[in-house]
Amino acid sequence: MKADFQTKLGHPDSALITAKLIIKKWPKEISNTISIGEYYEIKGDTISAAGYYKKALFVVNHILDSIGVNNRRYGSRQIEKAKALILLNRPEKAHAILKNLFDKTSSEESKKSIEELMEMSKHDILYGKKKTTSNGTTMTNW
């Protein structure tokens, strides 16, 4: 997303404007709401950020209440819920959701993605997770 690149380039104000334009076009995309919270958080506005995380959590809970576990988007909505919970400093609840999803998932690719999120902190989500490669160098995973 363009806003992510703007943030990485050190332009969180531009990223916020871009993300707000995107959310007007796709208001039901929870990831966009979470992203706006992340951009506010990166700017240092933790109160606005928490408001967007709570909004995302409210919307995803409403969606999860209206769809069944066999819905093809159920897993991705659970992941969005877990991410919002991590960003709201409730990692234990997020981890429980992710563990349950991991245990019920048969796809190895999905399991890997879930496992990566399970290992991430709020800081990792906001600023990238640092990984040490086999040759000892450190890389940031955005």
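Helix 2 passes helix 3 in a left-handed crossing. This is a predicted model, so keep that in mind throughout. Helix 2 covers residues 12–25, and its axis comes within 9 Å of the helix 3 axis. The two cross at roughly 160 degrees. Angles over 145 degrees count as roughly antiparallel, and helix 2 and helix 3 are therefore roughly antiparallel to each other.

Who touches whom? From helix 2 we have Pro12, Asp13, Ala15, Leu16, Ala19, Lys20, Ile22 and Ile23. They meet Asn32, Thr33, Ile36, Tyr39, Tyr40, Ile42 and Lys43 in helix 3. By class, that contact holds ten nonpolar, two polar and three charged residues.

Next, the other partner of helix 3. Helix 3 runs over residues 30–43, and helix 4 over residues 46–66. Their axes lie 7 Å apart, and the packing angle is about 165 degrees. Helix 3 and helix 4 are therefore roughly antiparallel too. The crossing of helix 3 with helix 4 is left-handed.

On the helix 3 side, the contact uses Ile30, Thr33, Ile34, Ile36, Gly37, Glu38, Tyr40 and Glu41. On the helix 4 side, look for Thr46, Ser48, Ala49, Tyr52, Tyr53, Lys55, Ala56, Val59, Val60 and Ile63. The classes here are eleven nonpolar, four polar and three charged.

Note Thr33, Ile36 and Tyr40 of helix 3. They are in the contact with helix 2, and they are in the contact with helix 4 as well.

In helix 6, the residues in contact are His95, Leu98, Lys99, Leu101 and Phe102. In helix 7, they are Lys111, Ile114, Glu115, Leu117 and Met118. That contact divides into six nonpolar, one polar and three charged residues.

Last topic: the second largest pocket. How much space lies in it? About 270 Å³. The lining of this pocket has 14 residues. Nearest its centre are Tyr74, Gly75, Leu101, Lys104 and Thr105.

Which helix gives the most? Helix 5, with four residues. By class, the lining of the second largest pocket has five nonpolar, eight polar and one charged.

One residue links these last two topics. Leu101 is in the contact of helix 6 with helix 7, and Leu101 also lies among the residues nearest the pocket centre.

To recap the helix pairs. Helix 2 with helix 3 is roughly antiparallel. So is helix 3 with helix 4.

Definitions and conventions:
Residues are numbered from 1 along each chain as its sequence is written. This is a predicted model: local features need pLDDT of at least 70, side-chain atom pairs count only at pLDDT 80 or more; totals for chains, interfaces and linings use all residues. Side-chain values use heavy atoms; hydrogens and water are left out. Axes are lines fitted to C-alpha atoms, for helices over the stretch in contact, and angles run from 0 to 180 degrees between N-to-C directions. Angles under 35 degrees count as roughly parallel, over 145 as roughly antiparallel, 65 to 115 as roughly perpendicular and the rest as oblique. A crossing is left-handed if the near helix is turned anticlockwise from the far one by less than a right angle, and right-handed if clockwise. Contact means heavy atoms within 4.5 Å. Ala, Val, Leu, Ile, Met, Phe, Trp, Tyr, Cys and Pro count as nonpolar, Asp, Glu, Lys and Arg as charged, and the others, Gly among them, as polar. On a 1 Å grid over the protein atoms alone, a cavity is a set of points where a 1.4 Å probe fits but cannot get out, and a pocket is an open set with protein on both sides within 12 Å along at least five of seven lines; lining residues have an atom within 4 Å of a point. Grid points are joined across faces, edges and corners, and a volume is the space filled by probe spheres set on the points.
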